[in-house]
Amino acid sequence: MSDFTMDRDASGVAVIKWDVPGKSMNVMSMRGLEELNSLIDEALADSGTIGIVITSGKGDFAGGMDLNVLAGLRREANEGSPKTLYDAFMRVHSILRKIERAGMKGESGEPGKPIAAAIPGTALGIGYEIPLACHRIICADSPKSRIGLPEIKVGLFPGAGGTTRLIRMFGLLGAAPYLLEGKTLDPVSAAKAGLVDQIVPGDVLLQSAKTWVIDTAGSGYSKPWDQKNFRLPGGSPYSREGFTVFTGGSAMVNGRTMGSLPGARALLSAIYEGAIVDFDTALSVEARWFTELIMKPSTEAMIRTLFINKRALEKGIRRPAGASSPAISKVGIAGAGMMGSGIALAAARAKFDVVLIDRSLEKANAGKARASNTLEGETRKGRLEASDADAISARISTGDDCSLLSECQLVIEAVFEDFAVKNGVHNDIENEIGSEAILATNTSTLPITELAGKVRHPENFIGMHFFSPVHRMPLLEVIRGRDTGDTAVAAALDFASRIRKTPIVVNDARFFYANRCIIPYLNEAIRMVREGIAPAMVETAAKIAGMPVGPLQVVDETSIKLAVDIAKMTKIAAGDSYAEHDVDDVIFILAERGRLGRTFGAGFYDYDSKRRRRGLWPGLRDLWPIRPNQPDLEEVKNRLLLVQALEASRAMQDGILSDVREGDVGAVLGWGFAPWSGGPFSWLDIIGAGNSVELANRFEIKHGPRFRPPELLADMANSGATFY
């Protein structure tokens with residue numbers, strides 16, 4: 001079956017319809033592109049065809065290029081030459097360029113054939129780059145649709161002409177939000193911004209596009225950059241007006257990314273070099289930079305983690321085979337604090353009936369109000385209709401009695417991180433819910449098996465570690481206790497799918513996987529402060545390494561008070577094996593001075609009255625003087641990354657993780673492990689197991705046994721094995 005089909009009506013307008021069989025959303029493949037090209041050739045050669053409309057047979061236009069295709073092209077290039085990849089991208093450009101130039105008059109003066117894109121819904125990536133090559137873009141008025149080029153968010157940049165065309169449409173300043181930030185817009189906003197030409201009701205979309213083609217046929221049509229005397233909006237890089245914009249744009253991007261994202265660097269180069277040459281040469285420049293980017297191991301890792309593996313997890317590859325799952329229509333949340341209210345909001349968005357309870361009705365209502373405030377903020381920003389916000393909020397009922405949970409098929413406890421408190425709440429919940437209901441605990445540190453020792457149905461008890469803030473963080477860590485049954489795991493994964501979270505399934509241990517890895521990262525930064533390494537260097541090195549924020553900032557955000565509480569609990573649990581005394585020397589001293597984190601207005605950073613960071617606290621220098629011989633920046637970067645990757649490897653070795661895909665996806669989505677690398681296991685593959693073990697051995701001698709490489713990694717170094 002074909003991805004593209006074509007029909008021509010009596011008016012002479014050929015309608016090319018994109019409808020990939022078996023897919024809910026159109027995605028482009030090289031085969032599909034060749035089908036489109038053949039139909040374009042056929043329509044242009046047909047004397048009875050006056051113009052073309054390209055549309056979709058689905059509710060949306062397209063979700064972009066199938067990244068599995070890009071991965072396949074890269075493999076072919078690895079086996080042959082990067083030119084194979086470059087030629088493939090130039091082939092894409094030639095097809096879209098044919099569409100673009102189809103409206104122009106030929107050498108003999110005959111008029112071209114206008115081509116309109118009729119977009120019924122979402123159009124992203126190449127799904128928007130094809131319309132950009134058309135002569136008019138007409139969108140259905142669908143508020144939930146998104147228009148734009150989000151490639152930068154998965155480590156790429158628009159490589160099917162989107163970069164070259166948008167720069168010529170808007171200049172660097174105008175195109176920056178869509179190219180450098182990956183911003184997408186609803187159709188009305190896109191029309192106001194100039195990304196599309198016309199908005200019409202969905203039921204007249206196709207006819208509106210046909211009418212435009214009929215009205216335009218015979219007059220000839222060309223894009224501004226195909227006309228004489230075209231000038232780049234805002235000026236070229238070497239013009240007086242453009243120089244400031246281009247230098248400022250480069251500074252802005254590098255300031256935000258700290259040079260850690262290859263995609264951003266390649267995009268800037270394609271923009272700059274493409275802006276000083278003609279259009280067709282600029283397409284070649286774009287293809288060359290896109291080829292170089294795709295050939296990088298880090299790009300392959302990003303695509304694998306953020307697209308292929310992430311989607312596989314969301315589609316349930318870790319769901320126990322053959323496991324049944326209770327039909328969940330009503331969800332209970334015990335604990336209406338920040339986490340509980342966030343989980344309640346996520347469940348209500350997914351159209352579950354939600355019961356949110358706390359010790360008092362006042363606390364429960366405050367939790368619902370917190371969820372409603374989030375919805376109101378989205379409504380103010382135009383991201384949500386007021387009626388939809390009201391409907392979501394109405395699905396959340398509140399109370400102060402566990403009896404209200406009796407009809408819930410899933411209850412998630414989200415109370416304070418304390419065994420006694422949680423055990424008491426679990427007992428109260430089990431007194432009310434059915435024996436087949438699933439009971440989950442939202443915990444970030446406490447072992448599930450130990451908590452399950454106090455419940456009546458451990459087979460239906462499971463850990464669900466949500467990340468804060470729940471409405472923004474995409475990861476859900478599902479923790480399987482020793483006695484947790486397949487039904488409970490299946491129910492947790494089905495719930496994750498409904499609330500649109502990416503789940504990973506891990507086995508039980510204190511701190512599970514995510515916190516097991518992020519705590520050593522934070523502790524390493526705290527140790528560096530104690531050693532006299534400049535705190536500013538610690539924070540900057542982390543960002544240059546690719547971490548989204550500095551580790552000291554993370555400690556402040558999560559609170560030093562919480563770090564102290566966790567340290568005390570861990571010390572009791574670990575006994576003589578406890579090894580974080582040097583870290584405690586720092587956080588306990590800060591806590592004694594009332595510097596408990598951002599919420600308290602003081603921590604590693606100083607804050608103003610509105611809790612905005614003002615800078616690192618100067619008093620750190622007095623408590624831990626900065627030593628004169630500062631380490632090399634690379635050493636600081638490697639300490640911060642390696643300590644996380646080693647812990648991830650230990651989690652794999654110890655059986656906490658059973659799939660490296662979950663380890664990488666969980667790391668990038670859960671705590672932001674250097675997204676450019678694809679995650680800790682991909683990072684270890686990039687640098688090589690042998691090099692990582694050599695680095696770890698060197699750091700073990702210099703900094704201590706926490707850098708001792710696990711046997712798993714040492715064996716891989718000896719055998720030359722890789723995680724992927």
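This is a predicted model: local features need pLDDT of at least 70, side-chain atom pairs count only at pLDDT 80 or more; totals for chains, interfaces and linings use all residues.
Me: OK. How many helices and strands does the chain have?
Reply: There are 28 helices and 19 strands.

Me: What share of the residues is buried?
Reply: Buried residues account for 56% of the 724. As for the accessible surface, that comes to about 30,100 Å², with 51% of it belonging to carbon and sulfur atoms.

Me: What about contacts, how many join residues at least 24 apart?
Reply: 72%, counting contacts between residues at least 6 apart in sequence.

Me: Switching to rings. How many aromatic pairs are there?
Reply: The count is 14. Take F89 and F290: their ring centres are 4.8 Å apart and the planes meet at 70 degrees, so that pair is edge-to-face, the angle being over 60.

Me: Where do F89 and F290 lie?
Reply: F89 is in helix α3 (residues 82–101) and F290 is in helix α10 (residues 279–295), so the pair ties together parts that are 201 residues apart in sequence.

Me: Is F290 buried or exposed?
Reply: Buried, with a relative accessible area of 6%. F89 also counts as buried, at 6% relative accessibility.

Me: Which ring pair does F290 form with F157?
Reply: An edge-to-face one, with centres 5.3 Å apart and planes at 85 degrees. This pair links distant parts of the chain too, 133 residues apart: F157 is in the loop between β7 (147–148) and α5 (162–179), while F290 is in helix α10.

Me: Why does F157 count as buried?
Reply: Because its relative accessible area is 0%, and buried means under 20%.

Me: Which residues do ring pairs link into a cluster?
Reply: F4, W18 and F61.

Me: Last topic, V529. Which helix is that in?
Reply: Helix α18, which covers residues 514–531. V529 is buried, with a relative accessible area of 1%.

Me: What does V529 touch, leaving out residues up to four places away in sequence?
Reply: P535, L552 and W624.

Me: And how far is V529 from I308?
Reply: Their C-alpha atoms are separated by 39 Å, and the two residues are 221 apart along the chain.

Key
Residues are numbered from 1 along each chain as its sequence is written. Side-chain values use heavy atoms; hydrogens and water are left out. Helices (H or I, at least four residues) and strands (E, at least two) are DSSP runs, numbered from the N terminus. Buried means under 20% relative accessible area, exposed over 50%, partly exposed in between (1.4 Å probe, protein chains only). Contact means heavy atoms within 4.5 Å. Accessible areas come from the Shrake-Rupley method with a 1.4 Å probe; for residues, only the protein chains shown count as cover. Rings of Phe, Tyr and Trp (its six-membered ring) pair if their centres lie within 6.5 Å; planes under 30 degrees apart count as stacked, over 60 as edge-to-face and the rest as tilted.
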